[in-house]
Amino acid sequence: MNVEDIKTICNLGTGTMGFGTTVMFAMAGYNVRMYGRSEASITRGLAGIKAALATYYEHGLVQQPDIAAVMGRIQGVTTLEEAAIDADFVIESVAEDIAVKQAVFTKLDGLCAGHTIFATNTSGLSPTTIAEAVGRKDKFVVAHFWNPPHLMPLVEVVPGKYTTQETVDVTWQLMEKIGKKPVALKREAMGFIGNRLQLALLREALYIVESGIASKEAVDTTVKYSLGRRLSTTGPLESADLGGLDIFYNISRYLLADLSNSTGISPLLQAAVDKGTLGAKTGSGLYEWTPEELEKIKRTREDMLLEWLHRDRQENK
């Protein structure tokens, strides 16, 4: 199978990830059947798509005449039978639960054509384990979009034990065709690349606060105004080369032993979860979040991501 053979996308899910992947495929010219469990979920998904397109329009990333064409390529459906019609590629963003994902893919396995690739948008579950529920294990792969998928370019393509190189290659090429920046792992690993790096940084950030080295505000400010700015241009390995491996070697000799190497849950994180203070969604977590503060930081983040999308488009011209 070649990427040129892919014409129709089966998109499972209408939440933040589901509507976001739907709009990316539709904008790239693909017909998309977006599956939701009810008409209400389809309505919510379509509302999210319209809001995403409106944001693109406001920032000059899509023209008004194109919006109707994009919406015309999207069909909301409430049965897997409808979702599977003519599907060449399936992208799944349902609940992050192995049993739920396996049940969906088991049913689709009997509905889709033999050439159809199955991709799960899991953020860390094993593709090998999920694929045990289907016959086409060689055509099962992870395509992990980062949230929000219509603003974040990265997609991690992760093979399972049985995934063929052809499946990885076609999925990679498809991600490029919809304007994403794919990376392929050589083998599956818990958390893939991004979440392993994210959790390593979070572990040390929490440890610095817990051990009284600095406040949470100081930690976040340090990352935003140093590492965050530099890493958007040069990754950690490129940064090490630019800084000099001898310098990083010498720092490693005295600093690594002082960093957190805990394999347990951070006490600060555990206490917050135990109290039910889960962050912005509950109004408080490590910080207190008023509706006004939450809206402001979300808008700031969205504006920065949209600015980067503009830069990406200029680089790719």
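Select Val-157, which sits in strand 7. The model on screen is a predicted one. Val-157 is buried, because its relative accessible area is 0%. The C-alpha atoms of Val-157 and Ala-83 are separated by 23 Å, and the two residues are 74 apart along the chain.

For a landmark, pick Phe-145: its bridge partner in strand 7 is Val-155.

Next, bring in strand 5, residues 117–120. Strand 5 pairs with strand 6 in the parallel sense, over three bridges. Here the landmark is Ala-119, whose bridge partner in strand 6 is Val-141.

Stay on strand 6, residues 140–145, and show its side chains. Which of them point one way, and which the other? Phe-140, Val-142 and His-144 take one direction, while Val-141, Ala-143 and Phe-145 take the other. In a regular strand, side chains alternate between the two faces of the sheet. Are the side chains of strand 6 buried or exposed? All are buried, whichever way they point. Six of the six residues are buried, so strand 6 is largely enclosed by the rest of the structure.

Step on to Pro-148, in the loop between strand 6 and strand 7. Look at the peptide bond that joins Asn-147 and Pro-148: it is cis, with omega at about -5 degrees. Most peptide bonds are trans, and most residues other than glycine have a negative phi.

**Two positive phi values**

Select Asp-86. Its phi is positive, about 60 degrees, although the residue is not a glycine. Asp-86 lies in the loop between helix 4 and strand 4 (89–92). Asp-86 is exposed, with a relative accessible area of 56%.

Then go to Phe-192. Phi is near 55 degrees here, again a positive value in a residue other than glycine. Phe-192 belongs to the loop between strand 8 (181–184) and helix 8 (194–210). Is Phe-192 buried or exposed? Phe-192 is buried, at 2% relative accessible area.

**Salt bridges**

How many salt bridges does the structure hold? There are eight. Visit these:

- Lys-107 and Glu-81: their side chains meet at 3.4 Å, N to O. Lys-107 is in helix 5 (residues 98–109) and Glu-81 in helix 4 (residues 80–84), so the pair ties together parts that are 26 residues apart in sequence. Lys-107 is partly exposed at 41% relative accessible area. Glu-81 is also partly exposed, at 39%.
- Asp-109 and Arg-136: the closest N and O atoms are 2.7 Å apart. Asp-109 lies in helix 5 and Arg-136 in the loop between helix 6 (127–131) and strand 6, so this pair links parts that are 27 residues apart in sequence. Asp-109 is partly exposed, with a relative accessible area of 22%. Arg-136 is buried, at 8%.
- Glu-217 and Lys-216: the closest N and O atoms are 3.5 Å apart. Both count as partly exposed, Glu-217 at 39% and Lys-216 at 29%.
- Glu-92, Glu-96 and Lys-101: salt bridges link these residues in a network.

**A nonpolar patch**

Switch to a surface view. Select Ile-247, Phe-248, Ile-251, Tyr-254, Leu-255, Leu-256 and Leu-259. Together they make a nonpolar surface patch of about 620 Å². Click on Leu-256, in the loop between helix 11 (245–255) and helix 12 (267–275). Leu-256 counts as exposed because its relative accessible area is 54%, and the cut-off is over 50%.

**Zoom out to the domains**

Color the chain by domain: domain 1 is 3–184, domain 2 is 195–265 and domain 3 is 276–316. The C-alpha centres of domain 2 and domain 3 lie 22 Å apart.

Now color by the UniProt record instead. Its unreviewed entry places "domain: 3-hydroxyacyl-CoA dehydrogenase NAD binding" at residues 9–186. Over this span the chain is 43% helix and 21% strand, with its end C-alpha atoms 26 Å apart. The record also places "domain: 3-hydroxyacyl-CoA dehydrogenase C-terminal" (unreviewed entry) at residues 191–289. Residues 191–289 are 62% helix and 0% strand, and the end C-alpha atoms lie 28 Å apart.

Technical notes. Residues are numbered from 1 along each chain as its sequence is written. This is a predicted model: local features need pLDDT of at least 70, side-chain atom pairs count only at pLDDT 80 or more; totals for chains, interfaces and linings use all residues. Side-chain values use heavy atoms; hydrogens and water are left out. Patches are made of residues with over 30% relative accessible area and no salt bridge: like charges are joined within 9 Å, nonpolar side chains (Val, Leu, Ile, Met, Phe, Trp, Tyr) within 5 Å. Accessible areas come from the Shrake-Rupley method with a 1.4 Å probe; for residues, only the protein chains shown count as cover. A salt bridge is a side-chain nitrogen of Lys or Arg within 4 Å of a carboxyl oxygen of Asp or Glu. Helices (H or I, at least four residues) and strands (E, at least two) are DSSP runs, numbered from the N terminus. Buried means under 20% relative accessible area, exposed over 50%, partly exposed in between (1.4 Å probe, protein chains only). UniProt positions are given in the numbering used here, feature names are shortened, and annotations may be inferred rather than shown by experiment. Two strands pair if DSSP finds at least two bridges between them. Domain bounds come from an automatic or database domain assignment.
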